[in-house]
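Here is a short tour of one protein model. Keep the sequence and the 3D view open as you read.

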Amino acid sequence: MPIPPHDLADIQGLVKSGYGPLTEALSLLLRVKDAEAARAWLGGFHPTTMADLSAGKRIPAARHLALTAPGLSALGLADAVLEGFSPEFVGGMSADRARSRRLGDVGPNAPEAWAWGRAGEEPHALLMLFALPGRLPTLKAEVLTPAISAAFEITELPTAPLDGREPFGFVDGLSQPRVDWAGTRQPDTSEDLDYGNLISSGEFVLGYPNEYGLATRTPRLDPTGAPGLPRAADNPDKADLGRNGTYLVFRQLHQDVDGFWRFVDANGGLPLAEAMVGRRKDGRPLVATGQRPIRGVGPEPADVAANGFDFESDGEGLACPLTGHVRRANPRTGDQPGGNLGPIRTLAGMLGFGIERQPDTIASSRFHRLLRRGRKYGAGADTGLHFICLGASIARQFEFVQGAWLASAKFGGLTGEQDPLLGARQPFPEGHPTDGFRWPQADGPCRAFDGLPQFVTVRGGAYFFLPGVRALRYLASLS
Ligand code: HEM
C-alpha cells in the first residue's frame, strides 16, 4: 500500500512530540454535564497539531484532547459509528474482568479500588496541557473558562515537573520507536529479521499503512452526513472518522519508592535495582552498544549510546536479566524470536533440524511498539507515573505488551515471575506464583528471589481516542 502524505494540520502534535522543553503539564479528566455546551466548547478548541511543530518550531505551550467511548456517546455519536472503533476501546479498560486479569489489574490493582476510571464512571475526555517552565498557570487560566466549566465536571490530575527521571530515580524517556514519517521503509522484507527501530507511521496514526502494510480498522461514515471529515485512504466513497487520530492509553501507576529501595538495599543494592529495570540508573544500557547498526537508531552518538543495542549477544541474560523491565517491554528481536540466525541456520530451523530457538513468548517486537508520552506525578509517598502511550491498536500494542510481556508469569522461557517493577504478584487462579525474579550472575549461580513485594499499584486508567482535528470538528457539529 503506497503511503499517502501525512495530513500534518489534522494530526494532534502529541503523536510527534513528548514536549521535553514543556516541563510543566496538567491533565484534566472531563465528564459531560451538558452535551450542547460540551459540543459548543469543543467547536472552539484548537489542539496543537503536527503542523504547529513542523520544521523545528519552538512553541511555548501545547494542548490536546482525547475522548473515551462513553465520551463519544455523550457528545451524541451514534452507536453504529462507535462500533467502528476497536472493540477494546469501545469496551473500555476496566469493564471486563477477563481484560482486567490479562492486564494484571487484580488484587490491589483491581478497578474497583481505582480513584478514577471504574466501569460506569469513566471520564468522558482527557484534556492535556503542556507549558514552558512558569507558563502553566497562564495556560490553565486560558483554558479553564466559564464555558468549559458549564459543559463538564472537571477533575485535575497534576503532574510533577519533567526532570528526566521517574520516581524510583531512573532516567526515563530514553527509548522510543522512530516513526517512519517519510515512508522510506517497506515492512516485511528480510531486513526485518534483525531488530529495527524505524516503525511504520500506521502503527501510531490511523489511516496509514502499519507494520503489516495495511491500514488499521476505523469507523466509516457516509460523507454526505459528514462533509468535513477526511476520506478513507482505501475507500474514497467513505468519510473516515478515525483517520489522523490514534488511541491513547492512560494508567495512573502509584510507585512505592521507599518499599522498592528497602527491598533493593536489603538484597543486592543498586546492581539489583538496575537488573530489575534493565538499564543503569543513569540510563546506560546493561548490554554493549554499537555492535551492529540498527535501523532507526542514530546517527547521533547519544542515540547510539542509549539505544544502539539488542539482546542477541546476551541470550542467557547475564548482562540484562531476561525479565528486566526494559527487556520485557521491548525484547528487541527481529521477526525471528532469538534474532537473525543467518540464512543457513534459518533454513535448517525452518526445516526443523534441531536449531534451538527462544520460545515464542518473545514475539517480534515491531508489531508491539508504544510511543510513550507519560509524566510523573506527586512527591513523597504519593507519587508515580501517569503512564500514557499512543498506538493505532490498543490490543496489539499496549494490551499485548502489558498482558503478554509485563503481567504474564511466563516470559522468555521462565515461569513464576512477572515484570519486576510492575507485577501485581497475585498467584494465578491455579495457584502458580508470580512473585519471583531470577538474576543470572556471570561469576556464580543465578540469584533467585521469591516473594517480591508489589512496588507499583494501578490507581486509575482509561482508553481514549485522540482524534484528528477534522474529527473533533465533526464531533462538535453533532446534535
Ligand atoms: C511505574 C511504572 C513504570 C516505571 C517505573 C517504568 C520505568 C521505565 C524505565 C526506567 C525505562 C527505561 C528508560 C527508557 O527507555 O525510557 C522504561 C522503559 C520502557 N517502559 Fe517502562 N516503566 C513503567 C511502566 C511501564 C508500562 C506500564 C509499560 C507498558 C505497558 C512500559 C513500557 C516501557 C517501554 C516500552 C520501555 C522502552 C523499552 C525499550 O525500548 O528499551 N513501562 N520504563
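## Start of the chain

Alanine 9 lies in the segment before β1 (24-32). Helices (H or I, at least four residues) and strands (E, at least two) are DSSP runs, numbered from the N terminus. At 48% relative accessibility, alanine 9 counts as partly exposed; buried means under 20% relative accessible area, exposed over 50%, and partly exposed in between (1.4 Å probe, protein chains only). Leaving aside neighbours within four places in sequence, alanine 9 is in contact (heavy atoms within 4.5 Å) with Thr49, Ala51 and Val469. Its C-alpha atom is separated by 6.1 Å from that of methionine 50, 41 residues apart along the chain.

This is a predicted model: local features need pLDDT of at least 70, side-chain atom pairs count only at pLDDT 80 or more, and totals for chains, interfaces and linings use all residues. Residues are numbered from 1 along each chain as its sequence is written, and side-chain values use heavy atoms, with hydrogens and water left out.

## Aromatic pairs

The structure holds 21 aromatic pairs. Rings of Phe, Tyr and Trp (its six-membered ring) pair if their centres lie within 6.5 Å; planes under 30 degrees apart count as stacked, over 60 as edge-to-face and the rest as tilted. Phenylalanine 170 and tryptophan 261 are stacked, because their ring centres are 6.3 Å apart and their planes are at 10 degrees. This pair links distant parts of the chain, 91 residues apart. Phenylalanine 170 sits in the loop between β4 (152-158) and β5 (178-180), and tryptophan 261 in helix α9 (residues 257-267). Phenylalanine 170 is buried, at 2%. Tryptophan 261 also counts as buried, at 18% relative accessibility.

Phenylalanine 263 and phenylalanine 449 form an edge-to-face pair, with centres 5.8 Å apart and planes at 65 degrees. Phenylalanine 263 lies in helix α9 and phenylalanine 449 in strand β17 (residues 444-449), so the pair ties together parts that are 186 residues apart in sequence. Both residues are buried. One aromatic cluster is formed by Phe168, Phe170, Phe260, Trp261, Phe263, Phe449 and Phe455.

## Around the ligand

Which residues come nearest to the ligand? Of the 26 around it, they are Leu174, Ser175, His325, Arg332 and Arg372; a residue counts as near if one of its heavy atoms lies within 4 Å. β10 (246-255), α12 (325-329), β13 (382-391) and α14 each supply at least two residues of this shell.

A polar backbone atom of leucine 174 is 2.6 Å from a ligand oxygen. For glycine 173, also through the backbone, the distance is 2.9 Å. A polar side-chain atom of aspartate 172 lies 3.2 Å from a ligand oxygen.

Arginine 332 is found in the loop between α12 and α13 (343-350). Its relative accessible area is 4%, so arginine 332 is buried. Its charged end sits over the ring of phenylalanine 309, 3.8 Å from the centre. For such a placement, NZ of Lys or CZ of Arg must be within 6 Å of the ring centre and within 35 degrees of the ring normal.

Most residues other than glycine have a negative phi, and most peptide bonds are trans. Arginine 332 has a positive phi, near 60 degrees. Tyrosine 19 has a positive phi of about 60 degrees. A cis peptide bond, with omega about 10 degrees, joins glycine 298 and proline 299.

Notes
A polar contact is a pair of N or O atoms within 3.5 Å; within protein, one must be able to donate a hydrogen and the other to accept it, and residues adjacent in sequence count only if both atoms are side-chain atoms.
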